[in-house]
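Visitor: I would like to learn how to read an annotated residue, strand pairing and salt bridges in a model. Where do we begin?

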Amino acid sequence: MCSQTKAAAVMANIPRADIDPSGVFKYIVIRVYSREEGDDSEIDIVRGYGWAEYHGDIYDRVSAELEDGGLLDCECIGGGRIKHNPEAKKIHVYGYSLGYGRANHAETTEKLKEKYPDYEVTWDNEGY
């Protein structure tokens, strides 16, 4: 019999991608993992918002929310920028974070394609 931990159950309900509906903004990838003994489950999530002056602003807010229940821990594994054009149904991922380094844009685009299946989602390592 296989039983799911509380942390794994919480992680199953976390959206893999959450970004602003339009614009150019910073984004980060956060690795979320369980604090429960014997549970090595983890997920990577994408978060990007125009209100953030720095990549760390996103990490501080999102990690505080996720870690609040005591079941999860977080680590930022990179960042960059996103250009989201909903009228053209295009998302472009690029750049890097000075504080966290460059996120794996290929993995980020896969998560965004799941959330926006009718979009053209592209990436490159150019720019800041």
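Guide: The model is predicted. Begin with Lys26, which lies in strand S2 (residues 23–34). UniProt, in an unreviewed entry, places the feature "binding site" at Lys26.

Visitor: Is Lys26 buried or exposed?

Guide: Buried means under 20% relative accessible area. Lys26 has 12% relative accessibility, so Lys26 counts as buried. Apart from neighbours within four places in sequence, its contacts include Arg47, Glu53, Arg81 and Tyr128.

Visitor: Which way do S2 and S3 run?

Guide: In a regular strand the side chains alternate between the two faces of the sheet. Here S2 and S3 run antiparallel and are joined by eight bridges; Ile30 stands opposite Ile45 in S3. Strand S1 (residues 17–19) runs parallel to S3, with three bridges between them, and Asp18 has Arg47 as its bridge partner in S3. In S3 (residues 42–49), seven of the eight residues are buried.

Visitor: How many salt bridges does a search of the whole structure find?

Guide: The search finds seven. In one of them, the side chains of Asp18 and Lys115 meet at 3.8 Å, N to O. Asp18 is in strand S1 and Lys115 in helix H3 (residues 105–115), so the pair ties together parts that are 97 residues apart in sequence. Asp18 counts as partly exposed, at 28% relative accessibility.

Visitor: What separates Lys113 and Glu110 in helix H3?

Guide: About one helical turn, because the two are three residues apart in helix H3.

Definitions and conventions:
Residues numbered from 1 in each chain as written. Predicted model: local features only at pLDDT ≥ 70, side-chain atom pairs only at ≥ 80, totals over all residues. Heavy atoms only, no water. UniProt positions renumbered as here; feature names shortened; annotations may be inferred. Helix = DSSP H or I, 4+ residues; strand = E, 2+ residues; numbered from the N terminus. Buried < 20%, exposed > 50% of the residue type's maximum accessible area, 1.4 Å probe, protein only. Contact = heavy atoms within 4.5 Å. Pairing = 2+ DSSP bridges. Salt bridge = Lys/Arg side-chain N within 4 Å of Asp/Glu carboxyl O.
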